Amino acid sequence: MSFEARPLRTARLLLRPLTADDLDDVFVYQSDAEVLRYMLWPVRDRAGAAEHLDRRTRMTRLAKDADPLSLGVETLDAPGRVIGEVNVRLTSVSDRQAEVGWVLNPAYQGRGYATEAAAALVDLCVDTVGSHRVHATLDPRNLASIGVCERLGMRKEAHFVQDAFFKGEWGDTCVYATLATEWRARRDAQSTESARA
Ligand SMILES: CC(C)(COP(=O)(O)OP(=O)(O)OC[C@H]1O[C@@H](n2cnc3c(N)ncnc32)[C@H](O)[C@@H]1OP(=O)(O)O)[C@@H](O)C(=O)NCCC(=O)NCCS
């Protein structure tokens, strides 16, 4: 199955393709060393951020191996303002595997937005793209990102020791994942619970 980028709504958010007009907003987190500490992205100047954004505006189709999709995150109460982005990559079409990732402007962290956006992304992978398993790869020191994985109900599957030379030092990598069957069961249980409340 494939997916052409289109806006996705959640309770509080709109996820939509990035455009060149989002530069001011994405530059905030693309230039922040603390935000980028555990990400592969380097700290970018404005020209570098514009170039990077230009590439991301074209990441709009999930169809074949390694295809990336990038969606900007807006809150419904502040339309037009990108507070972060979420990403999907088809790691294997034949094995129906997808990888997800997220980043938020620090001013919008601590409100559950990353988890809400990431949940919509996992829904997309499972329901539309047909993913059998969805995973996230992260630095084990990145406790905020681990928190997102745990709130999503992802299982820690692996901790690789010094498998990457990252930002000047050897770093570890952890993998968190959920199966589509587990995701659906959890989602059904949550909606039954909220219907009862
Ligand atoms: C990873 C990252 C997106 C997580 O952001 P976050 O704000 O911690 O995550 P969420 O948006 O899901 O918010 C969760 C927090 O909001 C709180 N919260 C407040 N209101 C909430 C609500 N309505 N629903 C859920 N959580 C809520 C939660 O309790 C939690 O707080 P805690 O961390 O103190 O327990 C952010 O730290 C980031 O951008 N980091 C830099 C980029 C990065 O490392 N990306 C990952 C690379 S693998």
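**Pockets and the ligand**

Trainee: By class, how many nonpolar, polar and charged residues does the lining of the largest pocket have?

Mentor: This is a predicted model, in which local features need pLDDT of at least 70 and side-chain atom pairs count only at pLDDT 80 or more, while totals for chains, interfaces and linings use all residues. Residues are numbered from 1 along each chain as its sequence is written, and side-chain values use heavy atoms, without hydrogens or water. A pocket is an open set of points on a 1 Å grid over the protein atoms alone, where a 1.4 Å probe fits and protein lies on both sides within 12 Å along at least five of seven lines, and lining residues have an atom within 4 Å of a point. With Ala, Val, Leu, Ile, Met, Phe, Trp, Tyr, Cys and Pro as nonpolar, Asp, Glu, Lys and Arg as charged, and the others, Gly among them, as polar, the lining has 23 nonpolar, 13 polar and 11 charged residues.

Trainee: Which element gives the most to the lining of the largest pocket?

Mentor: Among the 47 lining residues, those closest to the pocket's centre are Tyr-38, Met-39, Trp-102, Asn-142 and Ser-145. Counting by element (helices, H or I, of at least four residues and strands, E, of at least two, as DSSP runs numbered from the N terminus), the top contributor, with 6 residues, is S7.

Trainee: Where does the ligand sit?

Mentor: Around the ligand there are 20 residues, of which Trp-102, Gly-110, Ala-114, Thr-115 and Asn-142 come nearest, a residue being near if one of its heavy atoms lies within 4 Å. A molecule sits in a pocket if more than half of its atoms lie within 2 Å of the pocket's grid points, and by that test the ligand sits in the largest pocket.

Trainee: Which element gives the most to the lining of the second largest pocket?

Mentor: Among the residues lining the second largest pocket are Thr-115, Arg-151 and Trp-183. H4, H5 and helix H6 (180-196) each supply at least two lining residues, and the most, 4 residues, come from H6.
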